[in-house]
Amino acid sequence: MDVSHNPALPLTWRDGYARLGPTFATPWQATPMTDLQWVSVNHRLAQDLGLPHDWYQRPGMLDVLGNGQPLPGASTVATVYSGHQFGVWAGQLGDGRALLLGESLPPPGAALGPQEWQLKGAGRTPYSRMGDGRAVLRSSIREYLCSEAMHGLGIPTTRALSLVSSPTPVFREEPETAAVVARLAPSFLRFGHFEHFASRDNVQALEQLIDYVDAENFLALPRTQPGRERALALLDVVVQRTASLMAQWQSVGFCHGVMNTDNMSLLGLTLDYGPFQFMDGYHPGHICNHSDHHGRYAFDQQPRVAHWNLFCLGQALMPVVDDVQATVEVLNTFTARYEQAWGVQVARKLGLPASASATTLGDAFLALMARQQADHTGAWRGLSHAVRDWSGRSDDTTSFAELGHQLGADDAWDRWLSDYLQAVLQTTSSPAACGEAMRRVNPAYVLHNHLGEIAIRRAQEGDFSEIETLLSLLSDPYDDRPGFDAYAAPAPPWAQSIAISCSS
Ligand code: AMP
Ligand code: MG
């Protein structure tokens with residue numbers, strides 16, 4: 001194995017996905033930009049990687065994380081994948097503006113294992129098609145902050161280590177500032193990587209991919225025979241991880257916005273932050289992507305779309321599995337697995353043990369929220385506080401009065417509250433402890449569009465301080481930070497005018 005050390009970035013490097021060769025990844029170099037500057041560095045992630053605190057100040061680091069300067073021991077590559085976009089086969093896509101720098105191996109004692117490093121926005125690649133290979137500051141700030149917000153929430157995601165910008169203009173509707181996010185994951189494999197080789201009838205490449213996933217232990221696959229058995233085991237694990245991810249997205253009101261199969265991580269990570277949104281006022285059919293005219297990726301469609309996407313993955317594995325019935329059987333486990341995972345999530349949010357009646361109570365709470373389009377994050381957090389402050393007497397509901405007011409304060413609310421308090425009393429003798437536990441699963445802070453927008457507007461004027469504030473707040477979203485109430489408040493009316501499209 002060719003591994004090597006970089007004195008400035010003191011990690012051991014090797015080719016990760018690039019090891020598979022040119023059928024999978026094309027050796028490629030970034031197109032450098034001038035006058036790069038750091039917009040933000042994620043110190044917490046750097047620490048988990050085992051990097052020294054001053055790593056980013058060392059010579060050449062901006063060139064590595066902005067301009068893709070190759071690391072010793074690793075070759076920079078762009079990978080090829082295909083996919084279904086908005087339900088239609090789109091053919092070959094690939095890393096049009098992403099470049100893999102290589103795979104880092106952790107120093108002894110590091111919290112994180114091996115990671116692939118990828119730059120987004122480093123210039124054109126053989127897969128750029130009509131695009132310029134660049135990313136703009138606005139969308140890069142959103143990706144940088146949201147991936148860390150998801151990690152703070154405990155939801156599987158790609159991570160973001162750094163954000164750099166360059167005055168080199170990038171043309172979208174108007175000239176904008178160029179930026180590069182360095183993002184990390186054990187693997188950036190997408191459903192689309194498998195679909196690509198299946199569409200080319202390249203069974204050997206498909207088998208090689210499955211071997212690679214197994215050998216690198218990305219999915220902790222059970223030991224099976226190679227071939228059919230292992231491909232089915234892979235599908236089974238991906239179905240489970242995807243079902244669990246969907247339940248977690250739904251639990252915090254996260255809309256991805258572009259659930260094309262090329263944006264679906266094989267590892268069940270949240271991947272490719274584009275027109276995403278954390279729900280403001282709760283509306284189950286909310287469409288966050290202004291380019292999604294038919295609402296294919298509306299909030300309440302996400303689990304169903306994930307299932308559809310898994311069918312694409314199952315179809316792609318068919319040349320290896322060669323058994324339609326066995327494949328469909330695995331795919332059909334999705335609904336029960338999703339419902340199980342959702343039941344666990346919603347019960348934790350209510351402070352109750354998972355059960356059919358807890359799920360019913362959770363769904364009814366969401367229905368009350370939907371009537372008023374109440375703030376999704378605020379309502380769950382409000383419920384946690386009301387339980388924490390409750391006396392435990394069923395005739396005393398004062399701690400719930402404010403939440404009740406937000407949710408309509410009518411008979412439907414009274415009935416729900418009475419059922420809920422009864423369930424809480426059956427579970428715990430300490431509402432305070434129950435409410436405290438609920439505060440660990442119902443966040444105070446999420447990356448609302450308007451918070452990101454304020455950070456973006458300031459950054460465009462050269463002030464990056466709001467990015468630091470949000471990074472710090474969103475990294476620990478369950479802790480109330482004194483003086484930061486405004487960040488937990490419902491979206492202001494102007495937030496509705498923020499239009500987030502695929503333009504990035
Ligand atoms: P997305 O909608 O961002 O997931 O992108 C879909 C495909 O378009 C992927 O293959 C991207 O790499 C590619 N792409 C998106 N934006 C650009 C760009 N500015 N330059 C080159 N390729 C791009
Ligand atoms: Mg994408």
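Domain 2 and domain 3 of this predicted model bury about 860 Å² between them, 58% of it on carbon and sulfur atoms; buried area is the accessible area (1.4 Å probe) that two parts lose on being put together, summed over both. Tyr282, Trp342 and Gly343 supply 58% of the area that domain 2 buries against domain 3, more than any other three residues.

The two partners belong to a chain divided into domain 1 (3-188), domain 2 (192-284 + 293-343), domain 3 (350-439) and domain 4 (449-497), with bounds from an automatic or database domain assignment. The centres of domain 2 and domain 3, taken over C-alpha atoms, are separated by 33 Å. Twelve residues from domain 2 and ten residues from domain 3 take part in the contact (heavy atoms within 4.5 Å).

Between domain 2 and domain 3 there are zero salt bridges (a side-chain nitrogen of Lys or Arg within 4 Å of a carboxyl oxygen of Asp or Glu). On the side of domain 2 that touches domain 3, the elements giving two or more residues are α6 (228-252) and α9 (334-350), helices being DSSP runs (H or I) of at least four residues, numbered from the N terminus. The largest share of that side, three residues, comes from α6.

A magnesium ion (ligand 2) is coordinated by Asn263 (OD1) and Asp272 (OD), at 2.0 to 2.2 Å; donors are N, O and S atoms within 2.8 Å of the metal (3.2 Å for Na, K and Ca), and water is not among the atoms, so sites may look incomplete. Both Asn263 and Asp272 are buried (under 20% relative accessible area, 1.4 Å probe, protein chains only).

Residues are numbered from 1 along each chain as its sequence is written, while chains are lettered from A and ligands numbered from 1 in the order in which they are written. Local features need pLDDT of at least 70, side-chain atom pairs count only at pLDDT 80 or more, and totals for chains, interfaces and linings use all residues, while side-chain values use heavy atoms, with hydrogens and water left out.

Key
Buried means under 20% relative accessible area, exposed over 50%, partly exposed in between (1.4 Å probe, protein chains only).
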